[in-house]
Amino acid sequence: MISKGYYSNWLKEAGRGHLTAVLSWGAFLFYLMGKLSDLMLGTDDFYFGIASTQLLWICAAMGVVLAFVEFFYLFQEKKQDFYFSLPVKKSTIFWSRYVHGILHFMIPFLITQGVCAAASAVKAPGLLPYAWQYLYRSVGVFTAAFLLFYHIGVLAAVVSGRFASAVLTAALIVFGGQILFEDILPGLAKCFFASFYRIPFLEDMAALAPFTLMMKLGGIGLKDREEVLNYLPPGDLAALAAVWILLLLAAGIRAHRKRKTET
């Protein structure tokens with residue numbers, strides 16, 4: 001028989017699931033309204049996917065935020081003990097929270113992208129030949145962006161155990177990675193290679209940083225319409241993003257297995 005306290009905890013956690021939905025739908029509703037306004041006003045740079053800086057920021061922010069919301073029970077000893085006391089495997093708990101967060105992102109994201117593609121094809125017939133290939137490429141790129149930052153958030157939540165330290169851990173991975181791959185390692189490499197500028201890998205080392213990687217993969221900075229609509233994400237960057245995503249997920253799974261009850 002479930003105790004009153006455990007039933008209360010379960011209701012609170014169910015409510016946290018509604019918070020995930022509100023955050024996702026709210027963010028993409030505002031994004032959709034803004035993009036449709038740009039389309040109605042005839043803005044030249046109506047890019048709802050690839051080359052959209054706003055969408056990249058939304059995917060990055062939602063990735064970390066949804067991860068923290070879904071795994072918030074790890075930040076409270078009683079909630080963690082409640083979850084780990086359930087008659088299910090820890091892996092089941094992990095994957096249920098993990099998939100729940102992804103679904104709450106993907107549904108409004110796909111709807112928003114589909115509406116934008118249809119609206120652009122109707123309002124600007126010249127975009128019709130490109131609309132659907134631009135759509136599926138954009139969905140692929142920004143799904144990868146979300147997963148990358150979602151896994152960063154999951155790993156930070158699992159290894160930290162406290163909300164403040166999880167925020168610092170996520171910031172360290174994101175911003176520390178930028179500093180490491182854009183400044184520190186290239187600077188050290190220049191000390192060892194006289195012809196540094198001739199080594200492509202070292203010149204492109206900044207792409208190893210998560211946010212820079214997703215900017216390059218997402219075509220952020222492209223302005224020419226033909227270039228944007230025909231943009232095909234480079235295979236090497238896509239492979240690098242896949243490696244980041246899988247490594248972060250593997251680290252998060254392993255860390256979650258090591259978590260134990262606090263009391």
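Modeller: Let's start with Tyr150, which touches Gly63, Val64, Leu66, Ala67, Glu70, Phe71, Arg97, Tyr98, Gly101 and Ile102, leaving aside residues up to four places away in sequence. Touching, or contact, means heavy atoms within 4.5 Å. This is a predicted model, where local features need pLDDT of at least 70 and side-chain atom pairs count only at pLDDT 80 or more, while totals for chains, interfaces and linings use all residues. Residues are numbered from 1 along each chain as its sequence is written, and side-chain values use heavy atoms, with hydrogens and water left out.

Now step back to the surroundings. Tyr150 is among the residues with the most contacts inside the largest nonpolar core, together with Phe71, Phe105, Phe149 and Met214. That core has 73 residues; a nonpolar core is a set of buried Ala, Val, Leu, Ile, Met, Phe, Trp, Tyr and Cys residues joined through side-chain atoms within 4.5 Å. Buried means under 20% relative accessible area, using a 1.4 Å probe and protein chains only. Among the elements giving two or more residues to this core are helix 2 (53-70), helix 4 (90-123) and helix 5 (128-160). Helix 5 supplies the largest share, 19 residues. Helices here are DSSP runs of H or I with at least four residues, numbered from the N terminus, and strands are runs of E with at least two.

Among contacts between residues at least 6 apart in sequence, 78% join residues at least 24 apart.

Notes
Buried means under 20% relative accessible area, exposed over 50%, partly exposed in between (1.4 Å probe, protein chains only).
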